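Hello,

Here is the structure for you to look over. My notes follow below it.

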Amino acid sequence: MSSPERRYVITFGCPDRTGIIARISSFLADNGGWIVEAAYHTDPETGWFFTRQEVRADSLPFGVDELRAQFAEVAASLGAQSTWTVTDTGVRKRVVILASREGHCLYDLLARVSTGELDVEVSAVIANHPELGDITRAHGIPFHHVPFPSNDPEGKQAAFAQLRVLVEKHDPHAVVLARFMQILPPELCAAWSGRTINIHHSFLPSFIGARPYHQAHRRGVKLVGATCHYVTADLDAGPIIEQDVLRVHHGDSVADMVRKGRDIEKVVLARGLRWHLEDRVLVHGNQTVIF
């Protein structure tokens with residue numbers, strides 16, 4: 001199988017005005033840039049313009065660092081400030097996965113990585129329970145067990161401090177909460193802002209607390225779904241990356257609903273992570289533009 005063509009990916013957002021596309025296109029054309037994918041969106045409510053561009057790396061006379069340096073002038077001239085990025089698809093991205101006991105999301109991601117469907121380096125899996133250690137190590141990935149004591153605020157604070165050290169050692173492009181059943185403290189939400197991805201079922205906020213599937217079954221819900229979103233200090237309220245649903249039949253048991261819920265969580269998390277790693281998600285306030 002031939003390796004994919006190396007590309008530089010530009011994401012960009014700025015106040016909308018005449019001539020933005022022409023300015024970016026002219027800059028790339030003047031340097032011989034060969035655009036192979038381009039997408040645009042304007043939000044009339046906020047007056048904001050968004051774009052994502054892929055350029056063949058071999059079409060430019062310089063590397064990604066020089067592209068960033070030169071494009072910074074273009075971005076500044078258009079008022080983009082810090083709302084732009086330039087990344088290199090030749091640099092393999094790193095992910096750290098956080099988990100607890102439920103393994104369906106972790107198993108799915110490990111399978112996608114091992115088959116090459118998801119081209120990413122899983123640098124480590126960190127869990128607050130030891131059950132998922134064997135499957136992680138079977139894939140040749142370091143596993144760290146960090147216990148989180150209940151009813152011990154100081155012990156939990158120490159556990160989060162240890163977690164932070166382990167995660168930041170890898171400087172990951174994404175921190176994935178694959179059913180990690182701990183609430184990240186605000187300082188970690190801030191430190192990992194824009195790269196921490198979570199998944200939760202669709203029964204929030206309607207069925208809060210223990211046994212949400214049992215509550216939903218008693219209510220007779222007809223859909224089970226999942227939401228993949230960025231993590232913020234507002235629990236389960238960060239910018240949404242992806243959502244999907246499956247139908248629930250009236251004859252489905254609670255176990256059937258749980259199985260369907262796990263199925264849709266796996267798919268939605270994998271999609272959201274892929275789009276994040278491919279720089280297809282642009283965050284604006286608490287909303288996202290997905291290219």
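Which residues have the most contacts inside the largest nonpolar core? They are Val-95, Ile-97, Leu-109, Val-176, Leu-269 and Leu-273, and this core has 32 residues. A nonpolar core here is a set of buried Ala, Val, Leu, Ile, Met, Phe, Trp, Tyr and Cys residues joined through side-chain atoms within 4.5 Å. Buried means under 20% relative accessible area (1.4 Å probe, protein chains only).

Please note that this is a predicted model: local features need pLDDT of at least 70, side-chain atom pairs count only at pLDDT 80 or more, and totals for chains, interfaces and linings use all residues. Residues are numbered from 1 along each chain as its sequence is written, and side-chain values use heavy atoms, without hydrogens and water.

H8 gives the most, with 6 residues. Helices (H or I, at least four residues) and strands (E, at least two) are DSSP runs, numbered from the N terminus.

Leu-273 touches Val-95, Leu-109, Leu-118, Ala-174, Val-176 and Ile-197, leaving aside residues up to four places away in sequence. Contact means heavy atoms within 4.5 Å. A second, separate core has 22 residues, among them Tyr-8, Val-55, Ala-75 and Val-86.

Now the whole protein. It has 8 helices and 13 strands. Of its 291 residues, 47% count as buried. Among contacts between residues at least 6 apart in sequence, 66% join residues at least 24 apart. The C-alpha atoms fill a box of roughly 60 × 45 × 40 Å along the principal axes.

Best wishes

Methods. Buried means under 20% relative accessible area, exposed over 50%, partly exposed in between (1.4 Å probe, protein chains only).
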